[in-house]
Amino acid sequence: MLARAVPKPGGLRPRSHPGGCRRAGGVPVPGGVPVPSHSPPAPALAARPFEQVPGERRGGWLNLYHFWQEGGLHNVHNIMARKFQRFGPIYREKLGVYESINIISPRDAATLFRSEGMMPERFSVPPWVAYRDYRNKPYGVLLKTGEAWRSDRLTLNKEVLSPRVVEGFVPLLSEVGEDFVRRARAQVQKSGRERWTADFSHELFRFALESVCHVLYGERLGLLQDFVDPEAQRFIDAVTLMFHTTSPMLYLPPALLRGLNARTWRDHVHAWDAIFTQADKCIQNVYRDLRLQRKGSREYGGILSSLLLQDKLPLDDIKASVTEMMAGGVDTTSVTLQWAMFELARSPGTQEQLRAEVLAAKRQAAGDRVKMLKSTPLLKAAIKETLRLHPVAVTLQRYTVQEVILQDYRIPPKTLVQCLGRRIAELEMQLFLMHILENFKIETKRAVEVGTKFDLILLPDKPIYLTLRPLQRPA
Ligand code: HEM
């Protein structure tokens, strides 16, 4: 049985989405739903049978038809919000052949995660799996299951999440943030109007890709320059195409599209081929640098280099996981940053408070970014609040591994993962906002309301235009 945990709206600043009901999102600190320490499961004997779980009693195909009529996958988050209002905190659903139980309460999510063993059964992205099967490439940590997932994940945790290594990411990520500021200043000058107004989605996509690649490969790709190298541009195009062709295959089976030799499938394969080729090149470069000992032994050379030096995972597995991290680490952070800037632009008072905190931290730490990160709690809270209001990851999906009691119903069988990129994402977003706040005022037209649409992650449903206006006296 597939169980979907939808984070519940938190309490600080509830807002309505255009449909009038409350957003089915919130508190999605990367990696999951908050787990309260107290949540005694209901006694099993008193539990009601699974058949009584509320939900639409129609057949799966009729449900699918209604689902499409209501806007389909792009509107899935609003459809779910409405169903929670109608059926309460748990409901069952059959869409086509897929049957699921949907829960919204953090307490139920905690119960579900506690019932998992050491190896969670997650719902993996079908077209990404299909590509790897087609090209006979190994799965990385995002797509692996069972013991293989667990052992890779434990090795990767040490190089991606442990406090011992994450400080090494700071100079790499800060450098990319500084480049963004430089680029923004050049755009301000070019405009001749003392400001840069744009829909920043593409700019932030490049920023996020440059950031994650710098941490993974220890190399700059040059995506923030005015003139982007054609090879780097091909890489951006490939990543964009890969995402673009993923969402149609979330509801059309990749095997069918492959059988029909459909354009979407061909483009998807082409995109992943280009991404893996780029990853191969980066790996060759890292190897060459290691062989020639180009980097000082004390200098942090990126996650890939550490994994190669450790020699604890086979090369193909390293390559697969690093490539998946790159894919998982671009639009998640770039979209969150876009929302964060939008919210700060709409709350100039909060923006000023954050700026004051960042500038005070800078003075105290004499510009040392690692120290600054330790004394900017408001900035961290602003990012969490952004994720609560605009969660990019709308649901966490799990196959139940044993019977579990949720809302007093018995859910028949069919483990809490933390997001592997969580530390990278947090640092990248904090450092980016620090640099922006030190240099620019973020503005937007106040009256603009922006909704959301689901497209693998939750995205703004229209372009968000923001203005960066240089501060009179930059810090
Ligand atoms: C705002 C930023 C981000 C959010 C909200 C986010 C959220 C999530 C969530 C909810 C999961 C699923 C956890 C689960 O199934 O329990 C996940 C998994 C994952 N994320 Fe992120 N993420 C973000 C940024 C990143 C970045 C920057 C990277 C890479 C550097 C990344 C790499 C991954 C990977 C590889 C997994 C799969 C881990 C595994 O299966 O063991 N994420 N993320």
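Predicted model: local features only at pLDDT ≥ 70, side-chain atom pairs only at ≥ 80, totals over all residues.
**The protein as a whole**

The secondary structure of the protein comes to 19 helices and 11 strands, and of its 475 residues, 40% count as buried. The largest nonpolar core holds 102 residues, and the members that touch the most other members are Val-212, Leu-216 and Leu-304.

**Helices 8 and 14**

Helix 8 is mostly covered, with 15 of its 17 residues buried, and it is followed by Gly-218, whose phi is positive, near 70 degrees. Helix 14, which runs over residues 315-328, reaches 20 Å from its first C-alpha to its last, close to the 20 Å expected for its 14 residues at 1.5 Å a residue. Helix 14 is also mostly covered, since 12 of its 14 residues are buried; among them are Asp-317, Lys-319 and Glu-324, as well as Ile-318, Val-322, Met-325 and Met-326. The elements that cover the buried residues of helix 14 include helix 8 (201-217), helix 12 (263-292) and helix 15 (331-346). Leu-216 touches Val-322, Met-325 and Met-326, and its contacts beyond four places away in sequence also include Gly-302, Ile-303 and Leu-304.

Two packed helices are described by the angle between their axes and the distance between the axes. Helix 16 (residues 348-364) and helix 19 (residues 422-439) pack at an angle of about 100 degrees, with their axes 9 Å apart. Angles from 65 to 115 degrees count as roughly perpendicular, and therefore helix 16 is roughly perpendicular to helix 19. On the side of helix 16 the contact is made by Leu-354, Arg-355, Val-358, Leu-359 and Lys-362, while helix 19 contributes Met-434, Leu-437 and Glu-438. Sorted by class, this contact has five nonpolar, no polar and three charged residues.

Leu-379 lies in helix 18, which covers residues 377-389. Leaving aside residues up to four places away in sequence, Leu-379 touches Leu-354, Glu-357, Val-358, Gln-430, Leu-433 and Met-434. Leu-379 has 23 other C-beta atoms within 10 Å and is therefore buried, because 20 or more are needed for that label. Leu-379 and Asn-102 are 277 residues apart in sequence, and their C-alpha atoms are 33 Å apart in space.

**Two residues with positive phi**

Most residues other than glycine have a negative phi. Which residues go against this pattern here? Asn-136 has a phi near 55 degrees, a positive value in a residue other than glycine, and Glu-194, which is not a glycine either, has a positive phi of about 60 degrees. Asn-136 lies in the loop between helix 4 and helix 5, whereas Glu-194 lies in the loop between helix 7 and strand 4. A residue with 12 or fewer C-beta neighbours counts as exposed, which is why Asn-136, with 6 inside 10 Å, has that label, and why Glu-194, with 9 inside 10 Å, has it too.

| Residue | Phi | Loop between |
|---|---|---|
| Glu-194 | about 60 degrees | helix 7 (169-191) and strand 4 (196-199) |

Methods
Residues numbered from 1 in each chain as written. Axes fitted to C-alpha atoms, helices over the stretch in contact; angles between N-to-C directions. Helix = DSSP H or I, 4+ residues; strand = E, 2+ residues; numbered from the N terminus. Parallel < 35°, antiparallel > 145°, perpendicular 65-115°, else oblique. Contact = placed C-beta atoms within 7 Å. Nonpolar A, V, L, I, M, F, W, Y, C, P; charged D, E, K, R; others polar. Core = buried A, V, L, I, M, F, W, Y, C linked by C-beta atoms within 7 Å. Expected span 1.5 Å × (residues − 1).
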